Amino acid sequence: SWTMKSFVESAIQAVREGVGEDQVICALSGGVDSSVVAVLLHHAIGSRLHCIFVNNGLLRKGEAESVQRIFRDHFQLNLIYVDASKLFLDRLAGIVDPEQKRRIIGNLFIELFEKEAGRLANAKYLAQGTLYPDVIESVSFKGPSATIKTHHNVGGLPERMKLKLIEPLRELFKDEARLVGRELGLPERVIMRHPYPGPGLAIRIIGEVTPENLAILREADAIVLEEMEASGWYDRVWQAFAVLLPVRSVGVMGDERTYDQVIAVRIVESVDAMTADWARVPYDVLGKISNRIINEVKGINRVVYDISSKPPSTIEWE
Ligand code: XMP
């Protein structure tokens, strides 16, 4: 649209003027906000934008590859890919407490991001995908000077690293950020992506995060997403995902008795994640998801559907 076009043009102009000849760093997660910021900045300053993408080993199936394909191969932006899967898994060994998982993952992310950003000695700016609701929330909770939410992956970093913040989306709502992304040619899959938590699959494995549990959950989760897309339900819900439960139950497979784990399928509708309701997805879609998970994912012999709303339940299980 005309208004989006002019917003994008003036945002690009503002970035060019603000940044001058300097270098900019951005933390790319593959989510809508950071993706839109990355592509916008790339339009403005080209190779002087350096995006850092950390693979924490807790991503969905194919996610690390797809981020590299889209941003490095297609948009040709400067992408620093850090594969830290093993490091994250090592630090998560033996940890079952959800908040402890979050702390470990958050701290290690900052550690790695700082190290990579430190190599870009000429960088003066950090670009972030802060949206208007983020600004409001931080202002009302922590006073006008604190404009970065603590739960943001890079919260606190700009000051420590003496970087100035660039937040080109800070006057936009999510749907407007999506329009900007569309204007900039981001693929529809990126623009319409569901929210995905920073700690990723770690908080969807109830109990210890092991390579075996991750492999099981990643396959089950991919089936949930595939069937949501195939049935046309993906765009109608807020989030859809699988959760691996630390429970074994009895089943039969051919002539064999099985004693395997359980997958809970969580699909919710929401407008802001503050409240949510379980999605009334057709039984046939749920049936297909269940059949496929049980037949295709070794180690799973039972699938349940989570019919709790928020509150009192949360969207995530941890
Ligand atoms: P809950 O489970 O609190 O989730 O109802 C609300 C929304 O927040 C997401 N979420 C997170 N996102 N880091 C994130 O970046 C986290 O630690 C985290 N925990 C929950 C969740 O996916 C939902 O969209």
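Select Pro-312, which lies in the segment after β9 (helices, H or I and at least four residues, and strands, E and at least two, are DSSP runs numbered from the N terminus). A cis peptide bond joins Pro-311 and Pro-312, with omega about 5°. Now step back one residue: Pro-311 is also found in the segment after β9 (300–305), and another cis peptide bond, with omega about -15°, joins Lys-310 and Pro-311. Most peptide bonds are trans.

A quick word on what you're looking at. This is a predicted model, in which local features need pLDDT of at least 70 and side-chain atom pairs count only at pLDDT 80 or more, while totals for chains, interfaces and linings use all residues. Residues are numbered from 1 along each chain as its sequence is written.

The chain's mean is 93, and 94% of its residues reach 70 or more. Then select residues 141–153, where pLDDT stays under 50. The model has 16 contacts beyond four places in sequence for this stretch (two residues are in contact if their C-beta atoms, placed from the backbone, lie within 7 Å). For the model as a whole, the scores are ipTM 0.99 and pTM 0.92.

Domain 1 covers 2–191 and domain 2 covers 205–305. Their centres, taken over C-alpha atoms, are 29 Å apart. How many residues of domain 1 are in contact with domain 2? Seven, and they meet eight residues of domain 2. The domain 1 side of this meeting has four nonpolar, one polar and two charged residues (Ala, Val, Leu, Ile, Met, Phe, Trp, Tyr, Cys and Pro count as nonpolar, Asp, Glu, Lys and Arg as charged, and the others, Gly among them, as polar).

Now for some helix pairs. Two packed helices are described by the angle between their axes and the distance between the axes. Axes here are lines fitted to C-alpha atoms, for helices over the stretch in contact, and angles run from 0 to 180 degrees between N-to-C directions.

Select α10 (residues 211–230) and α11 (residues 283–296): their axes come within 9 Å and cross at roughly 150°. That makes α10 roughly antiparallel to α11 (angles under 35 degrees count as roughly parallel, over 145 as roughly antiparallel, 65 to 115 as roughly perpendicular and the rest as oblique). Show side chains for the contact, including Ile-223 and Val-224 of α10 and Ile-289 and Ile-293 of α11. By class, the contact has six nonpolar, no polar and five charged residues.

Move on to α2 (residues 32–45) and α8 (residues 174–183), whose axes come within 9 Å and cross at roughly 40°. These two are therefore oblique to each other. Among the residues that meet are Val-36 and Leu-40 in α2 and Ala-177 and Val-180 in α8.

The next pair is α4 (residues 85–92) and α5 (residues 98–119), packed at an angle of about 145° with axes 10 Å apart. Leu-87 and Phe-88 of α4 are among the residues making this contact, as are Ile-104 and Ile-105 of α5.

Last stop: Gln-76, in the loop between α3 (63–74) and β3 (78–83). Most residues other than glycine have a negative phi.

How values were computed:
pLDDT = per-residue confidence, 0-100. Domains from an automatic or database assignment.
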